[in-house]
Amino acid sequence: YTPAIGATTSTFNYTLTGAAPCTGDFSIATVNINPQPNAGNDGTLVICLGNLTTVDLFSIITSEQSGGSWVRTSGTGGTFNALAGTFTPSATTTNSTFTYTLLGITPCIDDSSIATINFVSQPTAGTDGSLNICGSSSTPINLFSLITGESSGGSWVRTGGTGGTFNAGTGTFTPSAGTTSSTFEYTVTGAAPCGVDISIASVNITAQLDAGIDGSLTVCETSGIIDLYSIITSEQSGGSWVRTTGTGGTFDSINGTFTPAVGATTSTFTYTLTGIAPCISDSSVATITINAQPVAGVDGGITICETSTAAITLATLITGEQIGGTW
């Protein structure tokens, strides 16, 4: 009799037939068969380091019989549950092996299979970061300086904003006039089964305010109200006026007007828009040159006879006149 897997305990009768008047005789040979336990086939699972999902070790080995026990045979970190046959990785877990054993009943031997878990490092694209700049800036920006803790070997792509010059190869961005706030994604691709990791570098742009272009106006001291905004050009609204030089006349800082008066001197008025950090304030200057109004005096007269021949000095007839005029 040759046993085989799956054979059950068996009995065999050995019989001798007796010659009359003797009877036959037999004996029994019993083969008690204990099943050889099967702990299944070894298996391997590759997971990404940082994946903290609980692993069922039974899902790694195959064709195993139930009733065995688990033991961790190599590796560190994570949480191993021998009773449930599970393992929960941690951020510092190393490659690990777990042995599943079924005890054999003599004369059968024990049987074991091994579940191996190998970890692949998860790439990191770092931590998001941002930079606030003024719209007037044209200084190149190293996008790597905005994010932190990133792995090398990733790639950049612009995901928002317009204007400026973006160099994906070097990870730099140079703003220009009209550039809007922009976002840039840095992507690092991991080896399977790890996926990709992305961080975002944001460049927030604050518009530089423009107080316009300086201007000047020459008026007479007797001139009427002057709109200071009509002197400067291309200014943005929302600024404030202050008189910086000159005396006399009436200055209205709220409405941005100036009314000259006799005796007023040449004056300057500064229009300022307060910048929002990191932008600076901007100013323009309206200059009003004031010329004095000439005074020819007050009319006057004299009554004479037509026969008079005495010379008359005409300047004695008018009063309060300035010199330098002509008759």
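Q: Which residues line the largest pocket?
A: This is a predicted model. In it, the largest pocket is lined by Pro294, Val295, Ala296, Ala315 and Ile318, then Glu321, Gln322, Ile323, Gly324, Gly325, Thr326 and Trp327.

Q: What volume does that largest pocket have?
A: About 200 Å³.

Q: And how does its lining divide into nonpolar, polar and charged?
A: The lining of the largest pocket has 7 nonpolar, 4 polar and 1 charged residues.

Q: OK, the second largest pocket. How much space lies in it?
A: About 160 Å³. Its lining is Pro3, Ala4, Ile5, Gly6, Ala7, Ile33, Asn34, Pro35 and Gln36.

Q: Ile5, then. Where does it lie, and is it buried or exposed?
A: Ile5 lies in the segment before β1 (10-16). Ile5 counts as exposed because its relative accessibility is 90%, and the cut-off for exposed is over 50%.

Q: Switching to the surface. Which residues form a nonpolar patch?
A: Ile302, Ile304, Ile312, Leu314 and Trp327. Together they have about 560 Å² of accessible area. Trp327 also lines the largest pocket.

Q: Where does Leu314 lie, and why does it count as partly exposed?
A: Leu314 is in the segment after β23 (282-291). Leu314 has 42% relative accessibility, so it counts as partly exposed.

Notes. Residues numbered from 1 in each chain as written. Predicted model: local features only at pLDDT ≥ 70, side-chain atom pairs only at ≥ 80, totals over all residues. Heavy atoms only, no water. 1 Å grid on protein atoms, 1.4 Å probe; cavity = no way out; pocket = protein on both sides within 12 Å on 5 of 7 lines; lining within 4 Å. Points joined across faces, edges and corners; volume = space filled by probe spheres on them. Nonpolar A, V, L, I, M, F, W, Y, C, P; charged D, E, K, R; others polar. Patch = residues over 30% accessible without salt bridge, like charges linked within 9 Å, V, L, I, M, F, W, Y side chains within 5 Å. Areas by Shrake-Rupley, 256 points an atom, 1.4 Å probe, with all protein chains shown as cover. Salt bridge = Lys/Arg side-chain N within 4 Å of Asp/Glu carboxyl O. Helix = DSSP H or I, 4+ residues; strand = E, 2+ residues; numbered from the N terminus. Buried < 20%, exposed > 50% of the residue type's maximum accessible area, 1.4 Å probe, protein only.
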